[in-house]
Amino acid sequence: HVIEMAAIQVMTMSGAAASDRTLFFGLRMPAEIKRMLPALKNLEKGLFRKLLQACVRIIENEETGIDDLKSLESAKTSEETIQTIFCGLLVLLRSALRIPRTSLKSETFRADLKEIKIPAEFIPDIAKAVFGAKRNDWTSRPLNRESDFQPCNP
């Protein structure tokens, strides 16, 4: 029996042809990540890092609640924007952490983040969270579902 495979050309978000490699989150971008992307454009790096740290605390099963997120609000950034970015980052991190380290390489992950238009200044911090020393601790136990954290519920 001969098996024929169809070649599929995938277009990136920028319209360029891409390889047949699937991005780290799968075939479809999760809605939380999609909603987060526009909100990242005008976000200060310090606030981004605080949100990323809050996501890491959730992954580490530490207490983080809605009050922690509300404390990050400012005149420039609304509660809704904070929650949108937080939930998007949480889904992004969990999506990446579900893939074995041997299957997801740092360079590939960084390229994926660039392709989905994560601002370049945030990519090193996200990559450090995913590929840092604590990764083995996180991946040795089940990750809580995103819906376990109340602000991420629709």
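Buried here means under 20% relative accessible area, exposed means over 50%, and partly exposed is whatever falls in between, with a 1.4 Å probe and protein chains only. Helices (H or I, at least four residues) and strands (E, at least two) are DSSP runs, numbered from the N terminus. By these terms helix 6, residues 123-131, is mostly covered, with seven of its nine residues buried. Those residues are Ile123, Asp125, Ile126, Ala127, Ala129, Val130 and Phe131.

A word on the source: this is a predicted model, in which local features need pLDDT of at least 70 and side-chain atom pairs count only at pLDDT 80 or more, while totals for chains, interfaces and linings use all residues. Residues are numbered from 1 along each chain as its sequence is written, and side-chain values use heavy atoms, with hydrogens and water left out.

Now for the overall layout. The protein chain has seven helices and two strands, and from the N terminus on the order is β-β-α-α-α-α-α-α-α. Of its 154 residues, 41% are buried. Contact means heavy atoms within 4.5 Å. Taking the contacts between residues at least 6 apart in sequence, 75% join residues at least 24 apart.

Next comes the core. A nonpolar core is a set of buried Ala, Val, Leu, Ile, Met, Phe, Trp, Tyr and Cys residues joined through side-chain atoms within 4.5 Å. The largest one holds 45 residues, and Leu51, Phe86, Leu92, Phe109, Ile118 and Ile126 have the most contacts inside it. Two or more residues each come from helix 1 (31-40), helix 2 (45-59), helix 4, helix 5 and helix 6. Helix 4 gives the largest share, 11 residues. In soluble globular proteins, nonpolar side chains tend to be buried together.

Helix 5, residues 106-115, has a covered side and an open one. Its buried residues are Phe109, Asp112 and Leu113. They sit on the same side of helix 5 because they cover an arc of only 100 degrees around the axis, the arc being that of the directions from the helix axis to the C-beta atoms. On the other side, Glu107 and Lys114 are exposed. The buried residues of helix 5 pack against helix 4 (79-97) and helix 6. Phe109 shows what this looks like up close: leaving aside neighbours within four places in sequence, Phe109 is in contact with Phe24, Leu92, Ala96, Leu104, Ile126, Ala127, Val130 and Phe131.

How do helix 5 and helix 6 pack? Their axes are 10 Å apart and the angle is about 140 degrees, where axes are lines fitted to C-alpha atoms, for helices over the stretch in contact, and angles run from 0 to 180 degrees between N-to-C directions. Helix 5 and helix 6 are therefore oblique to each other; angles under 35 degrees count as roughly parallel, over 145 as roughly antiparallel, 65 to 115 as roughly perpendicular and the rest as oblique. Ser106, Phe109, Arg110, Leu113 and Lys114 of helix 5 make the contact with Ile123, Pro124, Ile126, Ala127, Val130 and Phe131 of helix 6.

Helix 6 also meets helix 2. The axes of these two come within 11 Å and cross at roughly 15 degrees, and helix 2 and helix 6 are therefore roughly parallel to each other. On the helix 2 side the residues are Lys45, Phe48, Arg49, Leu52 and Val56, and they meet Asp125, Ile126 and Ala129 of helix 6.

Lys117 lies in the loop between helix 5 and helix 6. Its phi is near 75 degrees, a positive value in a residue other than glycine. Most residues other than glycine have a negative phi. At 48% relative accessibility, Lys117 counts as partly exposed. Glu115, within helix 5, is also partly exposed, at 26% relative accessibility. The C-alpha atoms of Glu115 and Leu23 are 9.1 Å apart, though 92 residues separate the two along the chain. Over in helix 4 is Ser95, which counts as buried at 12% relative accessibility. Ser95 is in contact with Phe24 and Phe25, leaving aside neighbours within four places in sequence. Ser95 and Pro30 are 65 residues apart in sequence and 9.3 Å apart in space, C-alpha to C-alpha.
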